[in-house]
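Work through the exercises below with the model open. Each task is followed by a stepwise solution.

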Amino acid sequence: MIPEPKELRTEEMLLNMGPQHPSTHGVLRLVVKLAGEEVLDVVPHIGYLHTGFEKTMENRTFHQNITFTPRMDYLHSFAHDLAYALSVEKLVGAEVPERARVIRVILNELSRIASHLIFVATGLLDLGALTPYFYAFRERETILDLFEWVTGQRFHHNYIRIGGLKEDLPEEFVPELKKFLDTFDYRVDDYQGLFVGSPIFEGRARGVGVISPEDAIAYGLTGGSLRASGVNYDVRKAYPYCGYETYDFEVPLGERGDTWDRMVVRLEEMRQSARIIRQALERLEPGPIRDPNPHFSFPPKALLSSSMEAVIFHFKLATEGFEVPPGEAYVPTESARGELGYYVIADGGSLPYRVKVRTPSFFNLQALPVAAKGHFFQDLVAILASFDPVLGDVDR
Amino acid sequence: MRRDQAKAYAEEKGIPVREEHGMLHLVLPLPELKVHMRAFKEMGFNYLADVIGVDYLEYPEGTSWQHPERFAVIYELVSMPGFADGDGSRIYPRVYVPEKKPRLESVTDLWPSANFPEREVYDLFGLVFEGHPDLRRILLPEDAEGHPLRKDHSLGETPTLFGEGRYIDPASFRAGLRGKDKGLTGWRGGRRKGERR
């Protein structure tokens, strides 16, 4: 007979999670302190995707840098292009024509929808729901096709230029986009029906990973994760850019600040984004798409074969870039993950002196230990997914 | 507006103020950094949006921006709209840190969100934040040497070689773009002769 143990020995366990793990949404490594199944503490270790973009950008001209910006947040990459361009435009005093502003809004919101679709898909995948993943990727594929049509790229668009856009929309784009928008709201309803109200989802998400508004602010949350805690802070409303103040849309807010709220807030945001795109499509009038100032805008391609001056300006812009008056500028914008902005310091030359990217995921990740403490280990994965981190955005 | 309040506070305390592109910059003295930051927090700037490190080693002279020390740390404080009585004011206090003694006080006890960004500044610039609860490298590996965002950190590039021994050295090419040297195209930077604006 096996003798009964006299007493049960328990001890805390340190568990390493990542960096290679599908549910960490990239290369995030978490060192989790566990008492049995309960999470006592989480220490995020980041930097596995650090590429030194900020240093690289100091050594490239202002236009060349648009190549790097979308590579940070590869899901909502258009927001990075836009945020960078807005800061530089503030420094050089560029005036973006109305048509370019409207197109920027349309593409920014489309990109936001694509990013939120990934969020819903992978977030539910982490909870074990496989079906929504395939449905969400169907819509996302349509959006990426639209992007490929306009910009030539699915992910890293490189479509924005300082003072405007690279080129105009192709003719077929607007009808195709309308076709997509016709069905999109019903599709979002479908996704909502797939998980909201399901007892499994309610049990896994309701009351899990609660963050109070005070904690959310103290630990630097922005974006959908902050609004899920009930703080009405959307940069598009608070510090409007690109004419967002003229669009009619609502900011969805959560009440409890738990995983459930963070999921559902972003679903509603997709509907609002579609609403903004519909309004923007009505405003789309023909017109110029770039600031005509030849000192920082590339001349229209048609001119290159007929105008010597256009060729000279094109050559100068492509080789030397344009000089930006000394100064410092920061324009906050709303990416799918929160407040995103580029703090650009110019010294009068044609390379930025310093570019600091305020990426939302980097700050949002600080709130993860606060949210995860006291919950089960299996919920940690769901909580992490509900913050929607993109590791390229965290590490830069 | 809290922004005006902060401006009035700065003028009262003799803190240099600069407004540009709609941004309010305040240059805080290094020894009293914590005192002023606490005052801003009590004023209602409840959200710390960013901590930005800058190395002004190569910043050209003769511009309207003058930098007394090599390093600067720029804070971005927001009175968060939508929370309590936040009104959306944004200020950019900064502090200059000398190269010889690159140490300053941490503000993590006022705003816990300063934790990661201060670690980032420590990692990439080598500025030490006193009183930080967990000051480790954050983006680079623990055994990395140097602080890459310092201007004197080498990029490790190799020159592009052409025929007959000619080559383009990337650093001198960029120096031309920065207006320090003639560079490849012979342009010293700044406005060209006969350029209209």
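**Exercise 1. How many helices and strands does the secondary structure of chain A come to?**

Solution. Chain A has 15 helices and nine strands. Helices (H or I, at least four residues) and strands (E, at least two) are DSSP runs, numbered from the N terminus. This is a predicted model: local features need pLDDT of at least 70, side-chain atom pairs count only at pLDDT 80 or more, and totals for chains, interfaces and linings use all residues. Residues are numbered from 1 along each chain as written, chains are lettered from A and ligands numbered from 1 in the order written, and side-chain values use heavy atoms, without hydrogens and water.

**Exercise 2. Describe the overall dimensions and packing of chain A.**

Solution. 
- Step one: the radius of gyration, taken over C-alpha atoms, is 23 Å for chain A.
- Step two: the C-alpha trace of chain A spans about 100 × 45 × 35 Å along its principal axes.
- Step three: 62% of the 396 residues in chain A are buried. Buried means under 20% relative accessible area, exposed over 50%, partly exposed in between (1.4 Å probe, protein chains only).

**Exercise 3. Characterise the interface between chain B and chain A.**

Solution. 
- Step one: count residues. In contact are 65 residues of chain B and 59 residues of chain A.
- Step two: take the area. The two chains bury about 5,200 Å² between them, 56% of it on carbon and sulfur atoms. Buried area is the accessible area (1.4 Å probe) that two parts lose on being put together, summed over both. His21(B), Phe116(B) and Leu139(B) supply 13% of the area that chain B buries against chain A, more than any other three residues.
- Step three: count charges. Six salt bridges lie between chain B and chain A. A salt bridge is a side-chain nitrogen of Lys or Arg within 4 Å of a carboxyl oxygen of Asp or Glu. Lys356(A) and Asp50(B) form a salt bridge through their side chains (3.5 Å, N to O).

Key
Contact means heavy atoms within 4.5 Å. The radius of gyration is taken over C-alpha atoms; the globule rule is 2.2 Å times the number of residues to the power 0.38.
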